[in-house]
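Good morning, and thank you for coming.

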Amino acid sequence: MKYVSARVQGRVQGVGFRYFTQHTAMNHNITGWVKNEDDGAVSLEAYGEDNNIDRFLEEIKKGPTSFAKVSEMDVNKLSGDPDYTSFDVKY
């Protein structure tokens, strides 16, 4: 199992990015959360099978629509076994 955090920058707010992330996570059996940051970035934590996390992150880099544009994505491995039961959009 893999547990990661990511900070996504670019045109990622106001373009459905959090809901795209949630939908993509559910399609890959990933739990965790996603939220907008005050500086215009989006942060997330994701937990799931290694190959599912890898595919999830590749899709996130592409973004949901032609309106979204990911310019940078910093991913960090986390340790532990989070107690997530779903993938939630935080406000």
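I shall speak about the sheet, then about a residue within the sheet, then about the aromatic residues, and finally about a histidine.

A word on sources. This is a predicted model, in which local features need pLDDT of at least 70 and side-chain atom pairs count only at pLDDT 80 or more, while totals for chains, interfaces and linings use all residues. Residues are numbered from 1 along each chain as its sequence is written, and side-chain values use heavy atoms, with hydrogens and water left out.

Let us start with the sheet. Helices (H or I, at least four residues) and strands (E, at least two) are DSSP runs, numbered from the N terminus. The sheet is open and has 5 strands in the order β4-β1-β3-β2-β5, with mixed pairing; two strands pair if DSSP finds at least two bridges between them. At its edges are β4 (69-77) and β5 (87-90), each of which pairs on one side only. On average, neighbouring strands of this sheet are turned by 15° against each other, direction ignored. Axes here are lines fitted to C-alpha atoms, for helices over the stretch in contact, and angles run from 0 to 180 degrees between N-to-C directions. Helix α1 lies across β1, β2, β3, β4 and β5, and runs at about 170° to β5.

Within the sheet, β1 (residues 2-11) and β3 (residues 42-48) run antiparallel and are joined by 7 bridges. Val 4 has Ala 46 in β3 as its bridge partner.

Is Ala 46 buried or exposed? Ala 46 counts as buried because its relative accessibility is 0%; buried means under 20% relative accessible area, exposed over 50%, and partly exposed in between, with a 1.4 Å probe and protein chains only. Leaving aside residues up to four places away in sequence, Ala 46 touches Lys 2, Tyr 3, Val 4, Ile 30, Thr 31, Ile 53, Phe 56 and Phe 87, where contact means heavy atoms within 4.5 Å.

I turn now to the aromatic residues. Rings of Phe, Tyr and Trp (its six-membered ring) pair if their centres lie within 6.5 Å; planes under 30 degrees apart count as stacked, over 60 as edge-to-face, and the rest as tilted. The whole structure holds 4 aromatic pairs. One of them is edge-to-face because the rings of Tyr 3 and Tyr 47 have their planes at 85°, with centres 5.9 Å apart. This pair links Tyr 3 in strand β1 with Tyr 47 in strand β3, 44 residues apart. Tyr 3 is buried at 12% relative accessible area, and Tyr 47 is buried at 14%. The rings of Tyr 3 and Tyr 84 are also edge-to-face, with centres 6.3 Å apart and planes at 70°. Tyr 84 lies in the loop between β4 and β5, so its pair with Tyr 3 in β1 ties together parts 81 residues apart in sequence. At 24% relative accessibility, Tyr 84 is partly exposed. Tyr 3, Tyr 47 and Tyr 84 form one aromatic cluster.

Finally, the histidine. His 28 is in the loop between α1 (17-27) and β2 (31-36), and is buried at 11% relative accessibility. Which residue's side chain joins that of His 28 in a polar contact? The partner is Glu 59, at 2.8 Å; a polar contact is a pair of N or O atoms within 3.5 Å, where, within protein, one must be able to donate a hydrogen and the other to accept it, and residues adjacent in sequence count only if both atoms are side-chain atoms.
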